[in-house]
Amino acid sequence: MKLLERYILRRAAVFSAASLAALVLVVWVVQVLQRVDLVRSTLGAVGDILWIALMLLPDLTAGVLPFAVLIGSIQALNGLNTDSERSVISAAGASQFLVAKPIILLGLVAAALVLFNSNILGPASSKAFQNGVRSINANAISLFLTPGRFERVQDGVVISVADMRGPVIQGLFLADSRDPATDVNYFAQEASIVDLNGESFLVLKNGQLHRKPVNDDAISVIEFQTYAFDLADLRPVSTRDWIRMSERSTGELTNPDPSDPLYQANPNRFIEELALRWSDWLYPIAFALWAAAVAGPPRTNRQGTGPTMVIGLGGALILKALGFVSLSLVEANTALVPLVFALPLVSAISSTILLARNVNVVESRFVSSISEAISNFAAALRRRSFGGARHTGRTA
């Protein structure tokens, strides 16, 4: 790698690392604060919550890494233009791809990290996180519930028991008001905490479920013989989905057990999860190429750096949103799986074509027309606002 390429790569990597740290810290703090109620559940959870919070980091990092690469690359390329270094590089006869090469390399490194997390580290950390939460909730129920008292074990979840004998509970009442539209109450003659495949579940036996809409006095009553709750979040286990899709290894997804109840009920969920894990790594590459296409061309100091960041982030957000939409459609129609991969690939190819043709995205006719339309709209709003203010003043 040439000295110039190493210089650009070093700057882009530093900016990307700083952006990654900031994004991960913000998202991580939000996620941890949402689970502070775990600490109130049991005195022993204070130490465990730190470990559980750390288990959130791999998936959070992989989720924001493409955007960190995009932001860091645009900042690095904007810095070259601000310092007039990009103009000198262009005057020396260097091509667009010489500047884009270190950015693409950074995207490839990020893609490898995302691929490793999606298929190896991510499922393991997700499993460890859910098991840690299950353990805390199991301890809160089996050790700290007092017979005859109503205890709030989570926000919106209240449990009361008549008697407890180890993991066996007699006369359980559980009120769940987390859904703003419906209140659900569970009554069971007996309940127990069951360990299955190293995970804990609360199983209710011989009881009733009372469901009441908040805006309606009608109550529906359902009797059941067995009803299971996942202790990770105390939500009902549907179709015996004992293990979440995010906790399953890629090997389990590619070669599912034919007797798995979830696979029998909805095999498309396995395909959807695989499509997610095998397409996520394409986004850092697509974002890196897009950053090089948007911020790579030389500009004068009079041209601000704001438009490149706005266009870069706007395009990335649109692409990621389309990716989420296409992925959500896979469960209903697996024929749309190619679309999940096509979106980032088409984006990467389009950015490569823009680089090859030396197209200045910021100064293109399409972007200029949008900017002009926005400017005209803002000017019209100002004229209307100031005109109304003058009219009000004359009336007074």
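Visitor: Is Val109 buried, partly exposed or exposed, and why?

Guide: This is a predicted model, and the label rests on relative accessibility. Val109 counts as partly exposed because its relative accessibility is 45%. The residue sits in helix H6, which covers residues 96–144.

Visitor: Where do nonpolar side chains tend to be in soluble globular proteins?

Guide: In such proteins they tend to be buried together. In this model, the largest nonpolar core has 46 residues. Leu70, Ile103 and Phe287 are the ones with the most contacts inside this core.

Visitor: Which elements give two or more residues to this core?

Guide: They are H1, H4 (57–82), H6, H10 (282–295), H11 (306–330) and H12. H10 provides the largest share, 12 residues.

Visitor: What is Ile103 in contact with, leaving aside neighbours within four places in sequence?

Guide: Ile103 is in contact with Ile8, Ala12, Ser73, Leu77, Ala288 and Ala292. Another core lies apart from the largest one and has 23 residues. Among them are Ile141, Tyr186, Ile193 and Leu204.

Visitor: Is Arg11 buried or exposed, and why?

Guide: A residue is called buried when its relative accessible area is under 20%. Arg11 counts as buried because its relative accessibility is 18%. Helix H1, made of residues 3–33, holds Arg11. Beyond neighbours within four places in sequence, Arg11 is in contact with Ala76, Gly79, Leu80, Asp83 and Glu85.

Visitor: Where do Asn206 and Asn358 lie?

Guide: Asn206 lies in strand S5, residues 199–213. Asn358 is in the loop between helix H12 (337–356) and helix H13 (365–395).

Visitor: What is the accessibility label of Asn206, and what is that of Asn358?

Guide: With a relative accessible area of 44%, Asn206 is partly exposed. Asn358 counts as exposed because its relative accessibility is 53%. The cut-off for exposed is over 50%.

Definitions and conventions
Residues numbered from 1 in each chain as written. Predicted model: local features only at pLDDT ≥ 70, side-chain atom pairs only at ≥ 80, totals over all residues. Heavy atoms only, no water. Helix = DSSP H or I, 4+ residues; strand = E, 2+ residues; numbered from the N terminus. Buried < 20%, exposed > 50% of the residue type's maximum accessible area, 1.4 Å probe, protein only. Contact = heavy atoms within 4.5 Å. Core = buried A, V, L, I, M, F, W, Y, C linked by side-chain atoms within 4.5 Å.
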